[in-house]
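The sequence and structure are shown first.

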Amino acid sequence: MEVCDLCLVEHFWLEIIRGNVSSLLSQALPAFPCLYLGYQDYYVIQKIYPGGIRLKKESRKIQSARHIEQHENIFACPICQKDMRVTGLKSIRCEKGHTFDFAKQGYVNFLNQPIHTKYGKDFFEVRKILLSESGFYTPLQHALSEIVADITLGKEEEISILDTGCGEGTYLHHITNHLRRSCAKKVVGVGVDISKEGIIAAARNYDQHIWTVADLANMPFHDKQFTMILSIFSPSNYEEFLRLLKQDGVVIKVVPEKNYLKELRTYSTFAHRNI
Ligand SMILES: [Zn+2]
């Protein structure tokens with residue numbers, strides 16, 4: 001969040017220098033767009049000094065609710081398929097009253113009943129380290145980012161990317177940020193996974209995207225909403241992909257081949273033998 005903090009300081013002190021403190025105060029919740037990543041963070045006034053004011057960032061839950069509110073038109077109730085609206089910055093609700101609350105981490109769970117997967121919190125923490133910090137997946141992330149940038153090159157409209165089976169969200173984060181930097185287009189990133197633990201990790205790790213827990217066979221979005229759907233080492237539901245894609249939309253699927261993780265498997269076997 002360092003980049004956004006820079007933007008905040010820049011915008012905030014610019015207002016102060018212009019002697020425009022009163023206009024800032026008149027806005028209950030001023031928003032400061034980040035110049036680099038193209039998304040907005042929201043701050044509330046914490047304390048007023050003679051020479052200025054101190055701001056504090058709003059809670060993750062409220063920030064997420066505001067972010068989703070800007071894009072609520074993409075959502076369709078997974079129960080009745082009606083339009084959905086953010087209500088009171090606490091939940092998203094359909095016309096028939098089906099209501100789904102924002103979690104404190106900033107995601108929305110659209111499942112009626114909890115589904116337990118074999119992947120727990122520890123799995124996603126390790127996965128993030130492996131994907132973000134080990135460097136093993138850097139070539140894949142670069143390749144995907146370049147492909148996505150090429151595909152969106154001629155598109156004028158806002159780019160909306162849905163990552164299905166996003167886990168802890170590393171791919172979606174890197175791809176959308178690369179796109180924002182390289183083409184300066186407005187990009188909306190939405191991640192969906194059936195694993196609540198994965199989405200909790202995603203919401204904690206990367207707070208500028210929309211994160212949802214949902215059934216990949218019944219995703220909570222209207223038809224033809226996405227420019228691109230990612231399915232990276234995860235199961236696919238092509239019928240649902242077809243429903244959600246815009247007319248000229250694209251699915252990018254990454255499938256492991258027989259040598260995938262071969263070195264790691266070899267190392268793992270070797271290490272196990274030497275314990
Ligand atoms: Zn409904």
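The model is predicted. In it, 4 bridges join strand 4 to strand 5 (residues 91–94), and the two strands run antiparallel. Together they form a hairpin with 3 residues between them.

- Strand 5 and strand 6 are joined in the antiparallel sense over 3 bridges.
- Ile-92 in strand 5 is the bridge partner of Val-86, and its bridge partner in strand 6 is Phe-100.
- In the hairpin turn between strand 4 and strand 5, Gly-88 has a positive phi of about 60°.

**Faces of strand 4**
- In a regular strand, side chains alternate between the two faces of the sheet.
- Strand 4 (residues 84–87) has Met-84 and Val-86 on its covered face, whereas Arg-85 and Thr-87 lie on the uncovered one.

**Nonpolar core**
- The largest nonpolar core has 46 residues. Those with the most contacts inside this core include Ile-92, Ile-161 and Leu-230.
- Leu-230 touches Ile-161, Asp-163, Thr-164, Tyr-171, Leu-172 and Ile-252, not counting residues up to four places away in sequence.

**Overall composition**
- The protein chain has 9 helices and 12 strands.
- Of the 275 residues in the protein chain, 30% are buried.
- Among contacts in the protein chain between residues at least 6 apart in sequence, 55% join residues at least 24 apart.

Notes: Residues are numbered from 1 along each chain as its sequence is written. This is a predicted model: local features need pLDDT of at least 70, side-chain atom pairs count only at pLDDT 80 or more; totals for chains, interfaces and linings use all residues. A nonpolar core is a set of buried Ala, Val, Leu, Ile, Met, Phe, Trp, Tyr and Cys residues joined through C-beta atoms within 7 Å. A residue is buried if 20 or more other C-beta atoms lie within 10 Å of its own, exposed if 12 or fewer, and partly exposed in between; C-beta atoms are placed from the backbone. Two residues are in contact if their C-beta atoms, placed from the backbone, lie within 7 Å. Two strands pair if DSSP finds at least two bridges between them.
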